[in-house]
Amino acid sequence: MSGALLKKELRANGLLAVIFLGVVTLYGSMITNMFDPKLGDSLNAMMETMPELFAAFGMSNPGASLTQFLANYLYGFLLIALPLVMILLLVQRLLIRYTDRGAMAWLLASPTPRWKLVLTQAFVLVAAVVLLVGYMTGLCSVLAEVLFPGELELDRFALVNLGDLGLLLFFAGLCFCSACLFQSSGPALWVGGGLSVAFLLLDMLAGVGEQAEFLRWFTPVTLYDPVVLANGENVLPLVGLYLGAVVLFAAGMVVFTRRDICV
Amino acid sequence: MRETAIEVSGLTKDYGGGRGVFGLSFAVQPGEAFVILGPNGAGKTTTIRQLMGFVRPGAGSARIFGQDCFAGAAQVQSQVGYLPGELALMDDMTGAAFIRLMAGLRGQKDLSYAWQLCQRFGLDAGQKIRKMSKGTKQKVGLVCALMHRPRLLILDEPTSGLDPLMQNQLWEILLAEKQRGVTILLSSHIFEEVERLCDRAALLRGGRIAAVEQLGELRAKASRVYQLRFAGEKEAAAFAAAWPGAAAKGDWVQLQLSRGEPVARLLAMVAQSGVQDLQTRQESLEDMFLRMYGGRNE
């Protein structure tokens, strides 16, 4: 990695990360605060009136525990979609903008080899995602402990976060790889970003009804099921997400090192 | 034996539709200033991208100080100072922060020469790059290209977008670098501007080298252009008919004299012809290339 570039990127993108931490703090504390051990029943009643809508947002099985509640309402959609926006913005700022505006020429014209440059940018992206999920884990744990002492099953909640991290790293890898692959900024951003959004939509559709259920085989989001993870089950499929992330990041870096870059 | 600074042989990059460069071969010796001349779209930037290792040659090879430009890019870059044609710096940084970043990427700790250069160029590096004028940005770029005292400078259209004053300053800076023994390769589509600095020129047309010439020798071959204005079209046409090679256009006549052709005879004839005005200039490099190597891009 290049220390000079790392320092520059941390300084340039720190504010963006802080803004996203702020936004997820808002949602995280709001939703944690909404938990009411007795509310479970009334929510179940509401869900029965419009099951498709709830299912679409991954909120299919609102259990009674705080862990299940958070897995359902926070980790089912919000903590996928919001970080995905951050990932897209970061990929844009770390790679695409440099190539698009031509500043990449300066990076390439330095004696720092390409693999070191691209490894640095990948590190910044991964670090931001890990920071976001790590922060959420800490925030919700502390909030839950303060508001509902003893309600959160920390080990299972950690599993949910591990799953969320896996999925987000997979998306990050996808967006990163596409940014490394394409010269022009449109495809560079939207092949990865579009695929991520499409995978997410497919997962939402698959949750709606039995006819659409087969769609779950076409999206890696299936590998991450926060509610089941909150029961301590289905941990193994997460390996697929992490492996996918590693492969995608590695592929992106290899491509970037060998590709023609017209700046 | 001295190491060749740049050695390009059979360099080809085909972008389809006739765009790209095809079978370029030339060598630049250490201490030499070499210019790639050519109209826009002739392949100048494509050539430089391959020299900088941004783009992998389709065929042939490009070497700098004996190292392959793509495979050995990182090693090559440590000896090269580069100024891109499209000067895109990082807008949200100050000039000084950008210079520090570039030094960091070079692993260069001592920045005293960089700040010395800033002073020499009259550059206030403290302001945000976004707020800088084109000329000021160019100075930041030049500091980054020169601060590690490279053995070779590669500059892509270094004067484009600069006002004449700044252009002049740039040539002074480059001349000083040349006197220090730095090898320079630059590209330009303006023929006249490179004469002060460059020893040799490659003329690039349609992605192929039309000629490689010593600029000094070429200058000696330059002819003089005479433009004469007459009272009317009739007089102009009459004069043009009497002098071989002269062409009339309205009440103007234009003709060329090569070195050694009799100026006195022309002047004597002009004096008797009732000429109104006479202008004379040296043939431009561009015209000369066209005269010697044929027409423009088809």
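1. Leu153(B) stands opposite Ile184(B) of strand E8(B). The strand that pairs here with E8(B) is E7 of chain B, residues 152–156, and five bridges join the two in a parallel run. Strands are DSSP runs of at least two residues (E), helices are DSSP runs of at least four residues (H or I), and both are numbered from the N terminus. Two strands count as paired if DSSP finds at least two bridges between them. This is a predicted model, in which local features need pLDDT of at least 70 and side-chain atom pairs count only at pLDDT 80 or more, while totals for chains, interfaces and linings use all residues. Residues are numbered from 1 along each chain as its sequence is written, and chains are lettered from A and ligands numbered from 1 in the order in which they are written.

2. Strand E8 of chain B covers residues 183–188 and is mostly covered, with six of its six residues buried. A residue is called buried if 20 or more other C-beta atoms lie within 10 Å of its own, exposed if 12 or fewer do, and partly exposed in between; the C-beta atoms are placed from the backbone. Thr183(B), Leu185(B) and Ser187(B) point one way from E8(B), Ile184(B), Leu186(B) and Ser188(B) point the other way, and all are buried. In a regular strand the side chains alternate between the two faces of the sheet.

3. E8(B) is also joined to strand E3 of chain B (residues 33–37), by five bridges in a parallel run. Within this pairing, Phe34(B) has Leu185(B) as its bridge partner, and Leu37(B) has Ser188(B).

4. Strand E3(B) has five of its five residues buried, so it is largely enclosed by the rest of the structure. Ala33(B), Val35(B) and Leu37(B) point one way from E3(B), Phe34(B) and Ile36(B) the other way, and all are buried. E3(B) pairs with strand E9 of chain B (residues 200–205) as well, in the parallel sense and over four bridges. There, Ala202(B) is the bridge partner of Ile36(B).

5. Chain B also has an open sheet of four strands in the order E2-E1-E4-E5, with antiparallel pairing. The edges are strand E2 (19–28) and strand E5 (67–68) of chain B; each has a single partner strand, so one side of each is left without a neighbour in the sheet. Strands E1 (residues 6–16) and E4 (residues 59–64) of chain B run antiparallel and are joined by five bridges. Ile6(B) has Ile64(B) of E4(B) as its bridge partner.

6. Another open sheet of four strands in chain B has the order E12-E13-E11-E14, again with antiparallel pairing. Its edges are strand E12 (247–249) and strand E14 (277–282) of chain B, each with a single partner strand, so one side of each is left without a neighbour in the sheet. Neighbouring strands here are turned against each other by 20 degrees on average, direction ignored; the axes are lines fitted to C-alpha atoms. E12(B) pairs with strand E13 of chain B (residues 252–257) in the antiparallel sense over three bridges. Ala247(B) has Gln254(B) of E13(B) as its bridge partner.

7. Overall, chain B contains 10 helices and 14 strands. Its C-alpha trace spans about 75 × 45 × 40 Å along the principal axes. Of its 298 residues, 38% are buried. Among contacts in chain B with a separation of 6 or more, 67% are between residues 24 or more positions apart; two residues are in contact if their C-beta atoms, placed from the backbone, lie within 7 Å.

8. The contact between the chains takes 20 residues from chain B and 22 residues from chain A. On the chain B side, the elements giving two or more residues are helix H2 (73–77) and helix H3 (95–105) of chain B. H3(B) provides the largest share of that side, four residues. The residues of the chain B side divide into 12 nonpolar, three polar and five charged. Here Ala, Val, Leu, Ile, Met, Phe, Trp, Tyr, Cys and Pro count as nonpolar, Asp, Glu, Lys and Arg as charged, and the others, Gly among them, as polar.

9. In chain A, helix H9 has 22 residues (185–206), which at 1.5 Å a residue should span 32 Å; its end C-alpha atoms are 31 Å apart, which agrees. The expected span is 1.5 Å times one less than the number of residues. H9(A) bends by about 25 degrees at Val191(A), the bend being the angle between axes fitted to the seven residues ending there and the seven starting there. The buried residues of H9(A), including Leu189(A) and Phe199(A), pack against helix H5 (78–101) and helix H8 (154–181) of chain A.

Key:
Axes fitted to C-alpha atoms, helices over the stretch in contact; angles between N-to-C directions.
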